[in-house]
Amino acid sequence: MDRPDGRTPNQLRPLACSHSVLHRAHGSATWSQGETKLLAAVYGPKAGAKKNENPEKASIEVIWKPSTGHVGQAEREYEMILKKTLESICIRTIYPNTTTSVIIQVVHDDGALLPCAINAACAALVDAGIPLKHLAVAICCSVTDDNCVILDPSKQEEKKAKAFAYLVFPNTTVSVVPEKLLQGSDPTAHGIITSVTHGAMSVDNYLHCLERGRATTQRLSEFLRKNIEPKSIREASKAG
Amino acid sequence: MKKKNSKQSKQATQPKQSSEASQSKQSIQSEFSLLSIIISEYASLQCCIPPWRGICKIRRDDDCYDFAAYACTNQLEGEMFVEYDVTDIEVLIRSPSRLTKPEPAINQHKNKIKSHSSKNLTKTTEPRRRSESRHRKTLSSLKRMSLPNATEDLSSEMEVDAFRRLFPLRYFERHLAESIRPDGRPLKEARETSIFLGAVASANGSALVKIGSTTMLTAIKMEVMTPSLESPDEGCLAIDFHMPSICSPIVRPGRPAEAEPVLSKQLSDTISSSGMIDLKELSLVGGKAAWMAYLDIYCLDADGALFDAALLSAVASLSHLQIPAVAMNDDGKIVLMSEEDGQKQTTEQVNKEKRKLTLKSIPLSLTCILHKNYILADPTAEEESIIETHVTIVLDTSGQLISLYKPGGPVLAFTSAIQDCVALTRQRVKELKSFLDQANSAMEVE
């Protein structure tokens, strides 16, 4: 299976993540996978919940800024998916009746936009110190015409693909609590938080995507973990 | 209250049943009465005196308290019938004074209010349709009024409505433990579904779909347009989903609902990825003219599983769609052809005959909610508000997975749960397909 950029089917594009890039925001991060790059900023928690939101829980609002053009249906859908995904990883009972704003700015789109946005938002939430249950790692799997699954497709590959799925997994707790490794793998790592698919594929193909996506989450969460760590350690040493 | 009582006794003293029935019929018809209750009371069970009948009209909640007081003071016994078009609702009222008296059988302490289908009671009043919520409210207040004097088993029954409002999740879980849902369905059963094609006469294709009380009206309007340069031999399908403020208390007038653009996008993604419609079929003259199909879905009642109902109505209206016959006139313009024109202007180049679209594989969907280890198919709005984890699966009739949509939610979907949901969807797709075929064949017969 040849890919235009010479990657193997399971190979991700080079990852890059930097945090605290905006100093007015409470938390911010950039995330890039190959040419795709996004900037996420977090403000809050601010007092008061929006209309139609449950005031007994902390709510999250997501504002999606496309690199060019107006906000359309696609952006509204992204906002909704991101909002629900982030709400499911936040501990929402801690700051009831507050709103946390997450602003996503697309810098460059070269495929797998939504998974990158979820990763960026997750890094920014950690940077802002919003209490989270666990991290979320997102990955895009695409199915080619000959039913091969390739990970992290570029825009060109996405267009050619028969179908693709955006999958979000909780990060493997192995990278957070190493002791757990001894007790066997943690079952939460196997569930999916979010799944969005485009195009027609067989159910088996989808399950195959799940399996392959799940296998990559460990690498992704290790990367995320490594990038988040320095700041928290730095702050801890400053405080001490 | 006194007034009520005197009214009761006046009616009670009516000797003849038939005259009384006709009188009550008139009085009920003249006033708007929400609920009328016919009491067939046995004054005393021991001496078996033939029953007298009294009629109590309940129009407001306050009337219920009056009725309760009346029931208590008169020490009612026996059965009470609530005249209403629903069945299986039973309200128990106990008269406190009777409760204190030692009597052998428990049944003798009870005043049963049974709800009968109105056909049993046609002799007194005309059957009337009333909103179920009002009905429930009235009944619940009926329940409440005898609460202070109730015993434990009764009090647990009385508080149901309050419990439901205060602890929706626990109320729901109590049902789940019994493998039943608040509306009486088994966990994995979808609501009753109906499809009515051709609901909008002025549209080229239309459908009205109901899943439970979720109602969607879809209409397609065809217009001729110039195709874009990128795809000169393709038509276009524009899908728009509307949620007017009548559909749900959450939607405020003047402000579009958040779900509107999201559902529009989801629907157009689903229909385009399923490859149900070949857009080339909508082409008229390559590069010059093509059909633009405006598919508008209106949500008339939003009671959960909006996507399922919207997709079904979109698919149904597409299967009902008749592309109008058009002809090209001398100036090269496309004009609509009426029936007579077709025969008259044979010299003109006729582009198309009135025809239907060929639909390849039809995408149909099922929404499930996940809660702990439970999977519930086709949730109502109430269930959707309590449980936040939704999974929508779209399969086409050939079994391909078109979409598996799970936007977040506190419950993680494991592979086994996904497989269960897919199996449920398979079943549902078959069922929906047969409904759709039935509706289509019914249209053809007409």
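This is a predicted model: local features need pLDDT of at least 70, side-chain atom pairs count only at pLDDT 80 or more; totals for chains, interfaces and linings use all residues.

Chain A contains four helices and nine strands, and their order along the sequence is β-β-β-β-α-β-α-β-β-α-β-β-α. Of its 240 residues, 55% count as buried. When the contacts in chain A between residues at least 6 apart in sequence are considered, 72% of them join residues that are at least 24 apart.

Two of the helices of chain A can be taken as a pair, namely H1(A), which spans residues 73-89, and H2(A), which spans residues 113-128. Their axes come within 11 Å and cross at roughly 40°, which makes H1(A) oblique to H2(A), and the crossing is right-handed. On the side of H1(A), the residues that meet the partner helix are Tyr78(A), Ile81(A), Leu82(A), Thr85(A), Leu86(A) and Ile89(A), while H2(A) brings Leu113(A), Leu114(A), Ala117(A), Ile118(A), Ala121(A), Cys122(A) and Leu125(A) to the contact. Sorted by class, the contact of H1(A) with H2(A) has 12 nonpolar residues, one polar residue and no charged residues.

Several local features of the backbone and loops of chain A deserve a separate look. His23(A) sits in the loop between strand S1 (15-19) and strand S2 (27-33) of chain A, where His23(A) is exposed, with a relative accessible area of 78%. The C-alpha atoms of His23(A) and Ala41(A) are 9.9 Å apart in space, and the two residues are 18 residues apart in sequence. In strand S3 of chain A, which covers residues 36-47, lies Pro45(A), and the peptide bond that leads from Gly44(A) to Pro45(A) is cis, with omega near 5°. As background to this bond and to the backbone angles described next, most residues other than glycine have a negative phi, and most peptide bonds are trans.

Asn147(A), although not a glycine, has a positive phi of about 60°, and Asp152(A), likewise not a glycine, has a positive phi of about 50°. How accessible is Asn147(A), in relative terms? Asn147(A), which is placed in the loop between strand S6 (136-143) and strand S7 (149-151) of chain A, has a relative accessibility of 40% and therefore counts as partly exposed. Asp152(A), for its part, is in the loop between S7 and helix H3 (155-160) of chain A, and at 0% relative accessibility Asp152(A) counts as buried.

The contact between helices of the two chains comes next. H1(A) packs with H9(B) at an angle of about 110°, with the two axes 8 Å apart, and the two helices are therefore roughly perpendicular to each other. From H1(A) the contact takes in Gln73(A), Ala74(A), Arg76(A), Glu77(A) and Met80(A), and from H9(B) it takes in Pro261(B), Val262(B), Ser264(B), Lys265(B), Gln266(B) and Asp269(B). The residues of this contact of H1(A) with H9(B) divide into four nonpolar, three polar and four charged.

Within chain B, H9(B), made of residues 259-274, also pairs with H10(B), made of residues 306-320, and the axes of these helices come within 11 Å and cross at roughly 50°. H9(B) and H10(B) are therefore oblique to each other, and their crossing is right-handed. H9(B) contributes Leu263(B), Gln266(B), Leu267(B), Thr270(B) and Ile271(B) to the contact, whereas H10(B) contributes Leu306(B), Phe307(B), Ala310(B), Leu311(B) and Ala314(B). By class, the contact of H9(B) with H10(B) has eight nonpolar residues, two polar residues and no charged residues.

Another helix of chain B, H8(B), runs over residues 168-177, and its buried residues are Tyr171(B), Phe172(B), His175(B) and Leu176(B). Seen down the axis of H8(B), these buried residues fall within an arc of 140°, so they line one face of the helix. Which elements does this face meet? The buried residues of H8(B) pack against helix H7 (160-166), strand S17 (363-371), strand S18 (374-377) and helix H12 (381-386) of chain B. On the other side of H8(B), Arg174(B) and Ala177(B) are exposed, and just after the helix Ser179(B) takes a positive phi of about 55°.

Conventions
Residues are numbered from 1 along each chain as its sequence is written. Chains are lettered from A and ligands numbered from 1 in the order in which they are written. Side-chain values use heavy atoms; hydrogens and water are left out. Buried means under 20% relative accessible area, exposed over 50%, partly exposed in between (1.4 Å probe, protein chains only). The arc is that of the directions from the helix axis to the C-beta atoms. Contact means heavy atoms within 4.5 Å. Axes are lines fitted to C-alpha atoms, for helices over the stretch in contact, and angles run from 0 to 180 degrees between N-to-C directions. Angles under 35 degrees count as roughly parallel, over 145 as roughly antiparallel, 65 to 115 as roughly perpendicular and the rest as oblique. A crossing is left-handed if the near helix is turned anticlockwise from the far one by less than a right angle, and right-handed if clockwise. Ala, Val, Leu, Ile, Met, Phe, Trp, Tyr, Cys and Pro count as nonpolar, Asp, Glu, Lys and Arg as charged, and the others, Gly among them, as polar.
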